Amino acid sequence: MQFGVSVDLKDEGTIETVTTGFLQKIGESWYLKYEEIQEDFDLSSDVLIKAAPGRLELKKKGLLNVRMEFADGEFTQSDYHTPYGNILFGFHTGRVTVTEREGGIAVSAAYRMDVNGEYLADSIIEIAVEYI
């Protein structure tokens with residue numbers, strides 16, 4: 001789930017994805033893989049999330065192609081390739097946490113997002129994974 005506040009500060013935007021996938025821990029890193037179906041298209045994207053203390057990486061391949069990286073206290077940029085063209089995103093990351101808990105993991109990343117060099121929103125990505 002991703003929370004954000006729009007530029008006009010009137011609308012809180014929430015994006016929620018509920019899906020099944022595969023979760024594996026290798027060393028200090030957790031890997032989550034799943035398929036994301038796009039509602040407006042008959043195509044999908046393969047998603048791979050890598051979470052480790054202080055770092056979160058998200059890769060999408062398919063209809064949407066992107067690699068986003070969030071690291072404690074760092075600024076990163078990513079080109080977001082869509083069917084409508086490319087968009088340059090910038091992420092000013094505050095803190096990334098990964099918490100193991102009974103029955104799964106929780107990941108959180110707080111960041112400020114820029115689009116094509118212009119401030120867009122302050123956001124938080126929250127990922128909750130539960131074993132089934």
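How many bridges join strand 5 to strand 6 (residues 55-62)? In this predicted model, in which local features need pLDDT of at least 70, side-chain atom pairs count only at pLDDT 80 or more, and totals for chains, interfaces and linings use all residues, strand 5 and strand 6 are joined by 8 bridges and run antiparallel. Residues are numbered from 1 along each chain as its sequence is written, and side-chain values use heavy atoms, with hydrogens and water left out.

Strands here are DSSP runs of E with at least two residues, numbered from the N terminus, and two strands are said to pair if DSSP finds at least two bridges between them. An open sheet of 5 strands, paired in the antiparallel sense, has the order 3-4-5-6-7. Strand 3 (22-26) and strand 7 (66-71) are the edge strands of this sheet, each pairing on one side only. Neighbouring strands of the sheet are turned by 15° against each other on average, direction ignored; for such angles, the axes are lines fitted to C-alpha atoms, and values run from 0 to 180 degrees between N-to-C directions. In general, strands of a sheet pair through backbone hydrogen bonds, either parallel or antiparallel.

A search of the whole structure finds 1 cavity of 30 Å³ or more, where a cavity is a set of points, on a 1 Å grid over the protein atoms alone, at which a 1.4 Å probe fits but cannot get out, and lining residues have an atom within 4 Å of a point. The volume, taken as the space filled by probe spheres set on points joined across faces, edges and corners, is about 30 Å³ for the largest cavity. Its lining is formed by Trp30, Leu32, Ile49, Ala51, Ile105, Val107 and Ile127, and strand 4 (29-37), strand 5 (44-52) and strand 10 (104-115) are the elements that give two or more residues to this lining. By class, the lining has 7 nonpolar, no polar and no charged residues, where Ala, Val, Leu, Ile, Met, Phe, Trp, Tyr, Cys and Pro count as nonpolar, Asp, Glu, Lys and Arg as charged, and the others, Gly among them, as polar.

Note on methods. On a 1 Å grid over the protein atoms alone, a cavity is a set of points where a 1.4 Å probe fits but cannot get out, and a pocket is an open set with protein on both sides within 12 Å along at least five of seven lines; lining residues have an atom within 4 Å of a point. Helices (H or I, at least four residues) and strands (E, at least two) are DSSP runs, numbered from the N terminus.
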